Amino acid sequence: MTIVKAENVGKFYETGTVTVQALKDVSFSIEAGTITSFIGPSGSGKTTLLNLIGCLDKPSSGRLDVGGSNVLALDRTNSAKFRGGNIGFIFQDFNLVPILTVYENVEYPLVMVRDTPAAERRKLVLNLLEAVEMADQSEKYPDQISGGQKQRVAIARALVTSPKLVLADEPTANLDHKTAYMILSLMKKMRDELSTTFIFSTHDPKIVGEAECIYTIEDGILTGQQEKGAANHA
Amino acid sequence: MLEIIKIAARNLMRYKRRTLLVGALIALGVIAVQVFMAASGSYKSLIVGQITDAMLGQMQIHKKGYVVSIENVPMNLNMMPHGVGIIEDILKGIPEVEAYSTRIRLGGVISNFTETTNLRLYGIDPEKEFKTVPLLQKRIMEGSSELRRGQILVPQFLAKGLNITVGAPVVIIATNKDGSVNGQQFIVGGIVESAPGPGGRDGYIHITDAAELLRMEEPEVSEIAVHVKDFNRLDQVFEQLTERLNKEKNTKGMPKFELHTWEKLSPFANIAKMIDLMTVFIRIMLIAIVLISIMDVMIMSVYERTREIGTLAAIGTLPGRILAMFIVEGGLLGLFGVLAGTILSVVAVNAIRVSHYTFSFGMKEGFVLSPHMTPKDVVVVSLVVIVVSILGSLHPAYKASRLEPIKALKSV
C-alpha cells in the first residue's frame, strides 16, 4: 500500500524579488511499512521534501498525497489534526520541551493531541521509555540529560502515538554509534511490529545502509532511486 | 485543561525573575487600588455618617419647591398638618424606615442682651430627632444632652462669639410667615458643636417653641428627616418612598412633595463623588498596568518560544490549544499578582487600622481612619485583574496559535 505519493511536486520560496526553487517536479512513491532514506548534499531539498510530507508546508505545484490525503486540501487546523493522528517527527535538534520532564515530553502528544486516558498513557509512555532505555531518567528535565538521551526521548515521543509515518531529519547526526544502532533497531522493530513507515533525510551511512529505498536529491531534483539490492537512476 | 494549566504554570516558573517582576507590578497595582478603596471608603462612610447621622438625616421630605430656595427658609412652603399626616402614614408603611423627625426651619436673630447675631434654627421633636440623627446628642459639647421646652442648643461658634454659657438667657427674634417680628426668651440648654460648612450656624429649639415663636396657627412642618435601617439600601428605600409620595398630587396635578437623599442636600456629596471618581481613575490605572505588563511579557514569551511553539504545532497540537496555553499563562500571571496583592493589601489595611490614623472633619478632630476591604471589592478587583490579564494575553496567544510550524521551527 502506498503511503506517500508525489507527482511533479515543486516548491519555491520568494525572498524579496528572488525566487528560490527548492524542489522541481519531484515524483516518487513510498510503500507503507518501509524505511526510506533521502540523501543528498546540504541545501539539496531533503528537509523541504520532509516538511512537505509532514504537512508542515505545502507544495507550490504538483500533487502530494500522504496517507491517502491530498495535503494541499488541508487547512491549518486539519493539517494539525492530520499530523497528530498520522505522523511522528524526530528533529535533528531533538526539540524537547524544556519545562517538561522526560516522561512528560513523551506523554505530551497523548495528552495534548490524542486525549488518551491516563492509565493507557502511562502504560504506553513507560513501554517506550523502557524501549529507548530511558525509564530510569523519566523524572529528569531535558537540560539534565545528554544529547543521545535527548534524541532517544525525541524518538519515544515520535513513536508514542503509534503513527503510520515517522519523519526524521538527520536523526542520528548527534548520536554515538551505539545509540544510533540502538535507535535504528528500535525503528526496525516498530516497522516490523506495527508496519510503521520511516522516512529519513540523512548523510549517515548507518541509516542509509538500513533503508530499503534510497532517493538521491540534488539541487531540488530527484536524481536517483535505489532499492535494496538494485539501483535505478531517474 | 489541567495539563494546560500545568504547562502554563511551568512556563511561568521557567522565567522566575520576569514572573516575579510582573507579578510584583500587578500586586503593587492591586495594593494601591485595595488600600485606596478601603481608606477612602472608610473616610467617606465616616464623613457621610457624620453628615447624615449628626445633622441632615439620610433623606428629607419637603413640600415641592422648598429645596430650591432652602437657603431663604421659605415658610410659605411649609407642610400643613394634613400633608404631614399623609407622609407619616407612608413612612409608617415602609418597614425599612427606622425613624423620622418633623422639623421647622427658621432664620432668626439671637441676642445675649448686649450683642446680637443671626442664626438658623431647627425646631425639633427631641425624641424623634435623636432617633433620626443619632449622633446629634454626641455633638452637644456642654450642658444637657436633652432639649427641653424653653431651651436652646446654641452652635459653638455663636456661643463663643457672644460669650454665651449654659444656663444663660438669650432672646430669639424671628419673622413669621406674614412678616411680623416675634421674640421669645430661651435658656441656653447646651452648646452644640458647629457643623462643618453652611450648617455651622444651626441651633436647635423644641418644635413646639418654634411654632409658638413663629405664631403658627396650626403645627406646620418645614421638612421631615428620615433614617433607614440599612444605609446600604438607601437607594431602594428612596425609590420606594418617591413612588408613594409622587402619588400625592397638588391642585395642578403635580407631585405635592419632594424627597432628597443627603447627596442632594450636602456639598460634601461632591467630595464623595470626587473620591468615587478617583477610585475609578486608580482602577483604570490598574487595568493599564496589568494590560501593558501582561501583554509585554506574553509577547516576549511568544518571541522567545517560537521554536518551541513550532515543535508543539508540528507534533499536532491544535491552534486552539496553543491559544489556550498562552491565555492561561497570562491569566495565571494575573492570578499570581492578584493573590499576592490581595494578601499584602490585607496586611497594609490592617496596619493602617492598628496605627489608629486620625483626621479632622470641620471642627471635629480625632476621626479614626478604619479602612476595611469588603469581599465584594476583593472579588471585583480580582476579576478585573484576571479578565484584563486574559485580554492582555489574547493578542500574543493568537499570534502564537497562527505561527506557521515550518517558520517557527526555523526560528533560532
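The following legends describe close-up views of a predicted model. Local features need pLDDT of at least 70 and side-chain atom pairs pLDDT 80 or more, whereas totals for chains, interfaces and linings use all residues. Residues are numbered from 1 along each chain as its sequence is written, chains are lettered from A in the order in which they are written, and side-chain values use heavy atoms, with hydrogens and water left out.

View 1. The relative accessible area of A:F91 is 11%, so A:F91 is buried (under 20% relative accessible area; exposed is over 50% and partly exposed in between; 1.4 Å probe, protein chains only). Leaving out residues up to four places away in sequence, A:F91 touches A:Q151, A:R157 and A:D169, as well as B:T311, B:A314 and B:L409 (contact: heavy atoms within 4.5 Å).

**View 2. Aromatic pairs A:F89–A:F91 and B:Y122–B:Y204.** The whole structure holds 7 aromatic pairs over all chains (rings of Phe, Tyr and Trp, the last by its six-membered ring, with centres within 6.5 Å; planes under 30 degrees apart are stacked, over 60 edge-to-face, the rest tilted). A:F89 and A:F91 are stacked, at 5.8 Å centre to centre and 5° between the planes. A:F89 is buried, at 7%. B:Y122 and B:Y204 are also stacked, with 5.6 Å between centres and 20° between planes. B:Y122 belongs to strand β3 (residues 116–124) and B:Y204 to strand β8 (residues 202–206) of chain B, so the pair ties together parts that are 82 residues apart in sequence. B:Y122 has a relative accessible area of 6% and B:Y204 one of 2%.

**View 3. B:Q60 in strand β1 (residues 59–63) of chain B.** B:Q60 is buried at 1% relative accessibility. A polar atom of the B:Q60 side chain lies 2.9 Å from the backbone oxygen of B:L56. Beyond four places in sequence, the residues touched by B:Q60 include B:R103, B:E223, B:A225 and B:H260.

**View 4. B:E129 in helix α4 (residues 126–132) of chain B.** B:E129 is buried, with 0% relative accessibility. Apart from neighbours within four places in sequence, B:E129 contacts B:M55, B:S101, B:R103, B:I124 and B:L136.

Technical notes:
Helix = DSSP H or I, 4+ residues; strand = E, 2+ residues; numbered from the N terminus. Polar contact = N/O pair within 3.5 Å; in protein donor to acceptor, adjacent residues only side chain to side chain.
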